[in-house]
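This report describes selected local features of a protein model. The sequence and the structure are shown first, and the description follows.

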Amino acid sequence: MKSFTKPLQWLVGACAITSLSVWSATRHTPLEASSHREAPLIADDPLADNTDVYAFVSPNDPNRVVLIADYIPFQLPQGGPNYATFGENIRYEIHVKNDGTTAGDNITYRFTFTRVNQDPSTFFNVRLGQQNLKTTYTCEKSVNGGAFSAIVTGGVVPVNNIGPRSINGGAGLNQPSYASIRQSAVTNATGGGGEQVFCGPSDDPFFVDLGAIFDLAGLRVNQGARDGLAKYNVHSIALSVPIATLQKNGQPVSAAANILDPNYVIGVWASASRPSVRTLSPTGGPTTDNATYVQVSRLGMPLTNEAIIPVGNKDAWNRTTPYAEAASTDDYLSNPELGLYMDDRQFGGAVPALGALRIQTSSLAGFPGLPAGGFDFGNTRPGLFPLKGSAAVAGTALDDAAFGNYLLVSGKPRSVDIKPIFHTGVPNLRPYQLATGKGGNPLAAGKPFVNNFLPLSGANPGGDMLRLNMAVPATPRNSPDFSNEGLFAAAVLGLTDPRFNGNANLQMIPNMDGFPNGRRLEDEVVKIELQAVSGAALAAIGLWYDDYTPTSPSPVTPKLKGVLNFSAGVEGNDAPFSATFPYVAAPWDGFANRR
């Protein structure tokens with residue numbers, strides 16, 4: 001397995017009755033895979049289960065962005081004869097926000113699917129050139145809430161990778177290779193947007209040691225960690241879209257003022273919706289659905305509904321859009337449950353595998369001009385709130401005249417870092433710049449390294465989306481600087497590498513295009529998010545760990561090294577990603593699979 005760790009070491013119904021779907025009711029029922037079976041209700045509806053969302057600048061074309069939404073978790077490649085495919089009565093959607101001053105989506109891509117049996121006389125999925133459960137799709141597009149118009153009709157979903165007799169043999173489809181079937185399914189959309197579209201089975205690109213995570217986070221880093229999603233498939237919806245199509249004013253990336261131009265930030269999330277009412281026939285005839293759809297699954301940032309939202313609110317969260325994000329969700333981010341297991345005053349000793357991850361409880365204590373006890377970011381502690389309204393935060397993002405009332409909240413210390421990472425994106429404003437050039441003052445201007453800030457209109461600017469600044473160039477995948485640590489890898493280079501730490505000027509630092517500035521397929525989001533909860537983002541901007549004192553020779557202390565060297569056990573995918581669109585790896589072969 002290749003590791004990308006440089007530069008550092010996650011209906012009921014019968015008898016012709018009309019029955020309300022469980023999704024239309026108002027039932028309200030921590031740590032899962034990225035979004036596999038993440039809430040009680042959606043665990044019973046795998047066809048609508050949105051497992052992962054990715055958004056990244058194309059590594060092959062700086063003028064395009066790739067959006068991927070995966071559905072239908074834990075597909076066994078050999079799971080015949082009725083192999084998994086997209087559901088017929090589900091609306092799968094990818095949503096794009098590019099203007100925070102407007103309401104709702106700015107662009108929505110909707111996918112609906114149809115299945116046919118070409119040879120209903122056999123139990124086989126494929127026989128003599130015919131395919132059962134053969135699936136096609138329509139892709140529609142809506143701009144700024146307008147009517148949907150079709151940009152792809154009759155799009156083909158590739159057959160599942162059943163095995164060589166079904167794919168290559170004369171008794172099957174008699175095709176030269178599965179790769180040729182898959183690539184021929186890439187479709188150019190109409191309508192002038194320039195989109196390329198792919199819908200079909202893929203290897204599940206998410207990687208994590210599920211067995212260890214679910215066993216009360218008993219990560220087995222040095223004890224044979226195992227990718228719990230290895231050799232499972234999903235179904236992917238992938239779009240390659242010109243940046244000019246997604247940018248709010250229709251501008252190409254060449255028109256960007258710089259690589260952190262705020263006008264090139266987009267928010268991306270995906271969803272699945274089902275009809276609220278189904279009518280079932282007592283004789284086994286066709287079902288009928290009403291025209292009102294209810295959202296049953298959504299996903300933006302990875303792990304939100306798994307590791308942030310408590311089980312009692314997971315189903316409700318799935319039914320809510322980012323534009324109606326409950327204030328309680330902000331609170332879950334401001335005092336994240338995971339923080340309790342990274343603080344020895346709370347339950348830090350309960351999860352030994354997280355022992356290297358310890359939140360700052362007295363950051364910068366003893367430094368002149370700062371609170372004597374330093375800054376405490378443990379759950380319910382003050383954090384930076386004591387600075388609210390003071391001259392120290394004047395002119396920064398923490399100023400009440402800017403976003404201080406959202407970022408500095410009493411008893412909610414992670415309002416300053418975890419909440420904006422998930423709910424607004426991070427602005428290129430003081431103090432959200434690297435400690436490089438700050439002269440020891442975390443509130444001073446430093447080296448820019450991120451700007452994916454896209455607050456929403458309304459009283460609460462927050463909403464869970466994967467935010468990407470499209471102006472940031474892609475880091476070449478073959479670069480020695482490429483890292484699965486995403487933006488934290490960029491921060492380390494900006495703080496320690498002579499190519500970047502000699503000045504506080506804006507430069508393209510490798511991996512500035514990585515999570516949480518968008519999400520690349522390679523990014524190890526479990527590790528990155530655990531590091532973030534442990535205060536790594538705070539350290540990057542100069543709020544160092546507790547063992548950095550006025551007499552320390554360097555802020556690169558044992559605690560910081562422990563966080564940077566932390567591993568969740570599985571560092572890469574079980575299959576290499578494709579070098580070309582749709583980039584997700586081909587699905588596993590059902591005949592050869594050894595799971």
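## Basis and a buried threonine

A residue is called buried when its relative accessible area is under 20%, and exposed when that area is over 50%. The model is a predicted one.

Thr 85 has a relative accessibility of 5% and therefore counts as buried, the cut-off being under 20%. Thr 85 is placed in the loop between S3 and strand S4 (91-97). Its side chain forms a polar contact of 3.1 Å with the side chain of Thr 135. When neighbours within four places in sequence are left aside, the residues in contact with Thr 85 are Leu 47, Ile 72, Arg 115, Thr 135, Val 157 and His 235.

## Nonpolar cores

The largest nonpolar core contains 134 residues, and within this core Tyr 109 and Phe 111 touch the most other members. Strand S3 (residues 64-75) supplies the largest share of this core, with seven residues. A second, separate core has eight residues, among them Tyr 83, Val 126, Val 159 and Leu 173.

Beyond its neighbours within four places in sequence, Phe 111 is in contact with Ile 90, Arg 91, Tyr 92, Tyr 137, Thr 138, Cys 139, Val 197, Cys 199, Ile 237 and Leu 239.

## The largest cavity

The volume of the largest cavity is about 250 Å³. Its lining consists of 22 residues, and those nearest the centre are Ile 421, Val 426, Leu 487, Pro 516 and Ala 537. Helix H10 (418-423), helix H11 (487-496), helix H12 (525-533) and helix H13 (536-540) are the elements that each give two or more residues to this lining. By residue class, the lining comprises 18 nonpolar, two polar and two charged residues.

## A buried lysine

Lys 314 is found in helix H6 (residues 314-319). With a relative accessible area of 4%, Lys 314 is buried, because this value is under 20%. A polar atom of the Lys 314 side chain lies 3.0 Å from the backbone oxygen of Ile 309. Lys 314 and Leu 354 are 40 residues apart along the chain, and their C-alpha atoms are separated by 25 Å.

## Backbone geometry

Most residues other than glycine have a negative phi, and most peptide bonds are trans. Two asparagines have a positive phi. For Asn 144, phi is near 55°, and for Asn 511, phi is near 80°.

Is each of these asparagines buried or exposed? Asn 144, in the loop between strand S8 (134-143) and strand S9 (149-156), is exposed, with a relative accessible area of 55%. Asn 511, in the loop between H11 and H12, counts as buried at 0% relative accessibility. Apart from neighbours within four places in sequence, Asn 511 is in contact with Thr 475, Asp 481, Phe 482, Ser 483, Gly 486, Leu 487, Ala 489, Ala 490 and Arg 520. One of these residues, Leu 487, is also listed among the lining residues nearest the centre of the largest cavity.

## Cis peptide bonds

The peptide bond from Arg 430 to Pro 431 is cis, with omega near 5°. Pro 431 lies in the loop between H10 and strand S17 (466-469). Another cis peptide bond joins Phe 581 and Pro 582, with omega about 15°. Pro 582 belongs to the segment after helix H14 (558-564).

Terms used. Residues are numbered from 1 along each chain as its sequence is written. This is a predicted model: local features need pLDDT of at least 70, side-chain atom pairs count only at pLDDT 80 or more; totals for chains, interfaces and linings use all residues. Side-chain values use heavy atoms; hydrogens and water are left out. On a 1 Å grid over the protein atoms alone, a cavity is a set of points where a 1.4 Å probe fits but cannot get out, and a pocket is an open set with protein on both sides within 12 Å along at least five of seven lines; lining residues have an atom within 4 Å of a point. Grid points are joined across faces, edges and corners, and a volume is the space filled by probe spheres set on the points. Helices (H or I, at least four residues) and strands (E, at least two) are DSSP runs, numbered from the N terminus. Ala, Val, Leu, Ile, Met, Phe, Trp, Tyr, Cys and Pro count as nonpolar, Asp, Glu, Lys and Arg as charged, and the others, Gly among them, as polar. Buried means under 20% relative accessible area, exposed over 50%, partly exposed in between (1.4 Å probe, protein chains only). Contact means heavy atoms within 4.5 Å. A nonpolar core is a set of buried Ala, Val, Leu, Ile, Met, Phe, Trp, Tyr and Cys residues joined through side-chain atoms within 4.5 Å. A polar contact is a pair of N or O atoms within 3.5 Å; within protein, one must be able to donate a hydrogen and the other to accept it, and residues adjacent in sequence count only if both atoms are side-chain atoms.
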